[in-house]
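Dear colleague,

I am passing a structure on to you, and I would be glad if you could look through it before reading my notes. The sequence and the model come here, and the notes come after them.

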Amino acid sequence: PQRWLIRDGTLRKVCKRRTKPFYFVLFNDAIVYGSATGLPGLNVNRAGASRQQLYRLHRTIQLHDAEASACEDDAPTGEPQFQISSPMKSFKVVTECALDRDAWVKDLQAAIMEAQRIRKTRISAMPDSAFASFSIFSYSSTAAERLRLSAAGARAGLDAASTEFAPIRHSGADVISCTLCASEFTY
């Protein structure tokens, strides 16, 4: 598989207590984000060996089962936001201006559509016998079954619209329950 860079930049992710700056990198098949480590790195690929910031990886989200959209209800401060939803993690991101938000959402949605198309093509080309062999490796029977069902869904034309996404965190002390199940938080 080939991976190429589409866009990158520092954005603010909505976290439990406040928004925090993270460096986001959008590739054709994944979005990666991390935080600055505070330790300078040395980039030997550039002339003059310039100093560069090092980042700690927080998460990689595969785009084939993700979704991105602009938020209609911008941040309380009026700053434009968009949200990224996936089965593993969902969150809101604050941008400097509406043009940045719209550019990120446009690029994310295009990359998601392409990643879903490629995944559907690859899975539909796999023979059914390929899924039986996954249990030979270190996959549990549950993981092998999920993979088989995922492949069946891709063959049937199902996409991320049928995916169950993780809940989105809202910052602030006034949030007392889960947005999906309404269970109260215990923190």
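This is a predicted model: local features need pLDDT of at least 70, side-chain atom pairs count only at pLDDT 80 or more; totals for chains, interfaces and linings use all residues.

Residues are numbered from 1 along each chain as its sequence is written, and side-chain values use heavy atoms, with hydrogens and water left out.

**The chain as a whole**

The secondary structure of the protein chain amounts to three helices and seven strands, where helices (H or I, at least four residues) and strands (E, at least two) are DSSP runs numbered from the N terminus. Read from the N terminus, the order of the elements is β-β-β-β-β-β-β-α-α-α. The protein chain has 187 residues, of which 32% count as buried; buried means under 20% relative accessible area, exposed means over 50%, and partly exposed is what lies in between, with a 1.4 Å probe and protein chains only. Among the contacts in the protein chain with a separation of 6 or more, 50% are between residues 24 or more positions apart, a contact being heavy atoms within 4.5 Å.

**Aromatic rings**

There are seven aromatic pairs, counted when rings of Phe, Tyr and Trp (its six-membered ring) have their centres within 6.5 Å, with planes under 30 degrees apart called stacked, over 60 edge-to-face and the rest tilted. One of these pairs is formed by F24 and F91, which are tilted, at 6.2 Å centre to centre and with 40° between the planes. This pair links distant parts of the chain, since F24 is in strand β2 (residues 19-27) and F91 is in strand β7, 67 residues apart. F24 is buried, with a relative accessible area of 0%, and F91 is buried as well, with a value of 1%. Leaving out residues up to four places away in sequence, F24 touches a list of residues that includes R7, L11, Y33, F91 and W104. Ring pairs also join F22, F24, Y33, F82, F91 and W104 into a cluster.

R7 is placed over the face of W104, at 5.3 Å from the ring centre, and R3 is placed over the face of F27, at 5.3 Å from the ring centre.

**Charged pairs**

A search of the whole structure gives five salt bridges, each being a side-chain nitrogen of Lys or Arg within 4 Å of a carboxyl oxygen of Asp or Glu. R3 is partly exposed, with a relative accessible area of 46%.

Another salt bridge joins R12 and E79, with the closest N and O atoms 2.5 Å apart. Here R12 is in strand β1 and E79 is in the loop between β5 (67-70) and β6, 67 residues apart. E79 counts as partly exposed, at 24% relative accessibility. In the salt bridge between R101 and D102, the closest N and O atoms are 3.1 Å apart; R101 counts as buried at 12% relative accessibility, whereas D102 counts as partly exposed at 38%.

**Two single residues**

A36 is in strand β3 (residues 30-42) and is partly exposed, with a relative accessible area of 46%. Apart from its neighbours within four places in sequence, A36 is in contact with Q53, L54 and Y55. The C-alpha atoms of A36 and L54 are 6.0 Å apart in space, although the two residues are 18 apart in sequence.

S86 is in the loop between β6 (81-85) and β7 (91-94), and S86 is buried, with a relative accessible area of 3%.

With kind regards

How values were computed. A charge sits over a ring if NZ of Lys or CZ of Arg is within 6 Å of the ring centre and within 35 degrees of the ring normal.
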